[in-house]
Every structure is written in C-alpha cells, then in structure tokens.
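I kept in mind throughout that the model is predicted.

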Amino acid sequence: MFESFKSFITDFVDGEKHPDQFADDDYRLAAAAMLVHAAAIDGEMSQSERDKLHAVIKQRFALDDATTDELITKATAAEHEAVDLYHFTHQLNRALDEEGRAKIVEMMWEIVYSDGQRDELEDNLIWRAADLLGVSAQERIALRRRVGGET
C-alpha cells in the first residue's frame with residue numbers, strides 16, 4: 001500500500017500523472033452538473049445550449065477549453081447518475097456563500113435562455129434549485145429578468 005502511494009506521489013511530482021482534475025466533492029462539478037441538467041431538461045440539448053454551457057463554465061471557472069470539456073464530461077456523467085438535485089445543492093451550500101449560490105442560479109438562467117426559449121420544466125428546475133440553494137424567490141426572479149433582458 002505504501003509503495004502505491006509513493007508511486008502516486010512520484011508520478012505527480014514528476015508531472016507524468018495528475019490527480020483527477022475534478023473530484024466528486026468539487027463544487028465546480030456540482031455546479032456544472034446542474035447546468036448540464038438545465039440544458040437538457042427540455043428533452044435535448046441544442047447546439048446553442050451546448051455552446052453556452054461551454055462558454056459559461058469556461059468563463060465563470062476560468063478554465064481552458066480542454067479542462068472545460070473534461071468538466072462537462074464529468075458533470076454529464078454525474079448528472080445522469082443523480083436521482084435528484086439535493087446531492088449537488090448540498091455540496092454547493094457547503095462550498096459557496098450566498099453570492100456564490102446566487103451566481104449558480106444566474107448561470108442556470110443563462111443556459112435556459114441560450115436557445116431563446118423558456119418553458120415550464122426549466123422554470124420549475126430553477127425554482128427548485130434556487131430554493132435548495134437558499135436563493136430567495138425575489139432574487140431568483142431578479143436574476144431571471146436580468147439574464148432574460150426583461151424590464
């Protein structure tokens with residue numbers, strides 16, 4: 001056992017291997033999984049939703065293209081395995097302050113509006129996510145209006 005740990009450390013220090021970029025408890029993985037869910041909840045992820053998903057994750061988490069793709073791949077797998085939002089929102093509640101949790105809701109609205117349509121499933125998803133994240137209805141609606149360009 002010690003030998004395998006020693007090998008792991010040696011490989012890591014020498015740059016031959018790196019630990020998993022996004023561990024299961026990484027808040028970025030939880031956030032990305034919720035964004036993937038928002039993009040796919042209406043049945044199929046459109047190209048505009050895929051593009052926006054990539055752009056939002058890359059920009060908000062300051063990642064390069066390859067790392068963004070890796071995170072989206074892991075998030076998609078995590079989202080497919082999840083039975084509900086609680087696992088993801090629980091991680092986000094532990095890792096982020098109130099402003100950070102509101103940013104997640106804002107990112108979800110950006111994904112929803114990327115295809116030019118907003119439907120009941122998307123509204124309901126964000127309502128539930130915001131509630132689990134402790135983002136008030138007033139804040140959720142203000143974020144929706146700002147992202148959606150509503151007056």
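Next I took Met108 and listed its contacts, leaving out residues up to four places away in sequence; Met108 touches Met34, Leu35, Ala38, Leu125, Ile126 and Ala129.

I turned to the pair of helix 2 (residues 27-40) and helix 6 (residues 98-113), which pack at an angle of about 30° with their axes 9 Å apart. Because angles under 35 degrees count as roughly parallel, helix 2 is roughly parallel to helix 6. I noted the crossing of these two helices as right-handed. On the helix 2 side the contact is made by Ala31, Met34, Leu35, Ala38 and Ala39, and on the helix 6 side by Ile104, Met107, Met108, Ile111 and Val112; I sorted these residues into 10 nonpolar, no polar and no charged.

Last, I checked helix 6 against helix 7, whose axes come within 10 Å and cross at roughly 175°, which means that helix 6 is roughly antiparallel to helix 7. The residues I found in this contact include Arg101, Met108 and Trp109 of helix 6 and Glu122, Asp123 and Leu125 of helix 7, and the contact of helix 6 with helix 7 divides into 10 nonpolar, no polar and 3 charged residues.

Terms used. Residues numbered from 1 in each chain as written. Predicted model: local features only at pLDDT ≥ 70, side-chain atom pairs only at ≥ 80, totals over all residues. Heavy atoms only, no water. Axes fitted to C-alpha atoms, helices over the stretch in contact; angles between N-to-C directions. Helix = DSSP H or I, 4+ residues; strand = E, 2+ residues; numbered from the N terminus. Parallel < 35°, antiparallel > 145°, perpendicular 65-115°, else oblique. Left-handed = near helix turned anticlockwise from the far one by under 90°. Contact = heavy atoms within 4.5 Å. Nonpolar A, V, L, I, M, F, W, Y, C, P; charged D, E, K, R; others polar.
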